[in-house]
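Please examine the sequence and the three-dimensional structure shown below.

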Amino acid sequence: MSLTKTDSLYQKSYFNRITELKEYAPEAFQTFFAFNDKALAEGELSVKLKELIAVAVAHITGCPYCIDLHVGNAKKNNADKEEVTEAIFVATALKAGSAVAHGVNALNAFDEEEKDELYKASYFNRLTEFGDIDADTFKAFAAFDHKSIKAGKLTEKEKELIAVASAHTTGCPYCIDLHTKNAKKTGSSLEEISEAIFVAAALKAGSAVAHSVNALNAFDES
């Protein structure tokens, strides 16, 4: 049975409706896309790397329109399939890693620690306790996390910049702290780190804007 418009919630053609938003919220539409275009433009970071960062972030937000658009843009800017894949695995490691990192707060909660401060850098030191609790799983995760950030087709510096953007997408304070410092160690300037963060900001906001085409469909069908 062929899917009706109502049954199929995501089709590439739906994304064409995004320009309709300009009619209903023209100032917001214009200012957002001006920011989005600037965030993805050539700067201290190349357009190619920014599009790879965008691909990674899109896999964290889970926006199918963003994935389709930015994989295509990365390819147009000479990224190959291996580079796209490596960017995706950095995003995967950071998305999984944010859950693991937040686990130190779970340890504090389980142990009924009398602490008013929910996030402190020192709490991250408890992470190794998971190795004592579930050694095989923790070891497997740590191996994947380490491998995902090692230099391949993409350099370690490029991967750490992708990680910084990914960490700002997951909102993990431990990951932001760790990967910002790692990015600096691998030679990234504050300007480069800032540009990576703004790509993440554009993509995180952009996923909400992109999903609006589904809202337009839903409104028209109700």
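## Contacts of Ser188

Ser188 touches Lys157, Leu161, Ala183 and Ile193, leaving aside residues up to four places away in sequence; contact means heavy atoms within 4.5 Å. Ser188 is found in the loop between α9 and α10. Helices here are DSSP runs (H or I, at least four residues), numbered from the N terminus. Because its relative accessibility is 7%, Ser188 counts as buried; the term means under 20% relative accessible area, calculated with a 1.4 Å probe on protein chains only.

This is a predicted model, in which local features need pLDDT of at least 70 and side-chain atom pairs count only at pLDDT 80 or more, while totals for chains, interfaces and linings use all residues. Residues are numbered from 1 along each chain as its sequence is written, and side-chain values use heavy atoms, with hydrogens and water left out.

## Helix α3

Of the 15 residues of α3, 12 are buried, so the helix is largely enclosed by the rest of the structure. Among them are Lys50 and Glu51. The buried residues of α3 pack against α2, α4, α5, α8 and α10. After α3 comes Gly62, with a positive phi near 75°.

## The largest nonpolar core

A nonpolar core is a set of buried Ala, Val, Leu, Ile, Met, Phe, Trp, Tyr and Cys residues joined through side-chain atoms within 4.5 Å. The largest one has 51 residues, and Leu40, Leu52, Ile53, Ile162 and Leu203 have the most contacts inside it. Helices that each supply at least two residues of this core include α3 (47–61) and α10 (190–221).

Leu203 touches Ala54, Val57 and Ala58, among others, not counting residues up to four places away in sequence.

Conventions
Buried < 20%, exposed > 50% of the residue type's maximum accessible area, 1.4 Å probe, protein only.
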